[in-house]
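Here is a short briefing to read alongside the model. Please have a look at the fold first, and then walk through the points below.

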Amino acid sequence: MATEIASTQDLAIGEMMGVEKDGTSLLVANVDGSFYAINNICTHMRCKLSEGVLTGDTVQCPCHGSIFNVKTGAVEKGPANSPVSSYPIEIEGDRIMAEL
Ligand code: FES
């Protein structure tokens with residue numbers, strides 16, 4: 001079941017935030033007006049990606065510089081090897097809903 005993770009009002013274009021929801025740490029990002037959610041915990045050594053830098057559709061981990069695609073969770077640059085989970089988003093009014 002989809003659960004509300006944030007409001008579209010929370011994030012301007014080019015912004016991201018960390019959200020703790022139902023025991024899952026999420027990164028929610030607004031890329032060019034579309035919203036995406038991935039797991040917030042870097043698969044390298046568990047730093048929070050939301051404390052890194054969002055550039056376009058990629059986020060760079062603050063700890064050792066791994067780069068993940070916020071649309072897919074894929075690794076674009078190591079040292080991380082494994083992708084983070086990506087969660088499908090639905091927008092209902094100004095509510096950002098995700099299947100966790
Ligand atoms: S913890 Fe993210 S790159 Fe090392």
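Of the 100 residues in the protein chain, 44% are buried (under 20% relative accessible area, with exposed meaning over 50% and partly exposed in between; 1.4 Å probe, protein chains only). The model is predicted, so local features need pLDDT of at least 70 and side-chain atom pairs count only at pLDDT 80 or more, while totals for chains, interfaces and linings use all residues. Residues are numbered from 1 along each chain as its sequence is written, and side-chain values use heavy atoms, leaving out hydrogens and water.

**Fold and overall dimensions**

- The protein chain has 0 helices and 11 strands (DSSP runs numbered from the N terminus: H or I of at least four residues for helices, E of at least two for strands).
- Its radius of gyration is 12 Å, close to the 13 Å from the globule rule for 100 residues, so the chain is as compact as a globular protein of that length (the radius is taken over C-alpha atoms, and the rule is 2.2 Å times the number of residues to the power 0.38).
- Along the principal axes, the C-alpha trace spans about 40 × 25 × 20 Å.
- Among contacts with a separation of 6 or more, 38% join residues 24 or more positions apart (contact means heavy atoms within 4.5 Å).

**Surface**

**Nonpolar cores**

- The largest nonpolar core has 15 residues, and Leu-27, Ala-29, Ile-38, Leu-49, Val-59, Phe-68 and Val-70 have the most contacts inside it (a core is a set of buried Ala, Val, Leu, Ile, Met, Phe, Trp, Tyr and Cys residues joined through side-chain atoms within 4.5 Å).
- Strand β3 (residues 24-31) gives the most to this core, with 3 residues.
- Another core, of 11 residues, lies apart from it and includes Leu-11, Leu-26, Ala-37 and Ile-96.
- Leaving aside neighbours within four places in sequence, the contacts of Leu-49 include Met-16, Leu-27, Ile-38, Val-59, Phe-68 and Val-84.

**A closer look at Thr-58**

- Thr-58 sits in strand β6 (residues 58-60) and is buried, with a relative accessible area of 14%.
- Not counting residues up to four places away in sequence, Thr-58 touches Val-53, Ile-67, Phe-68, Asn-69, Val-70 and Glu-76.
- Thr-58 and Pro-83 are 25 residues apart in sequence and 13 Å apart in space, C-alpha to C-alpha.
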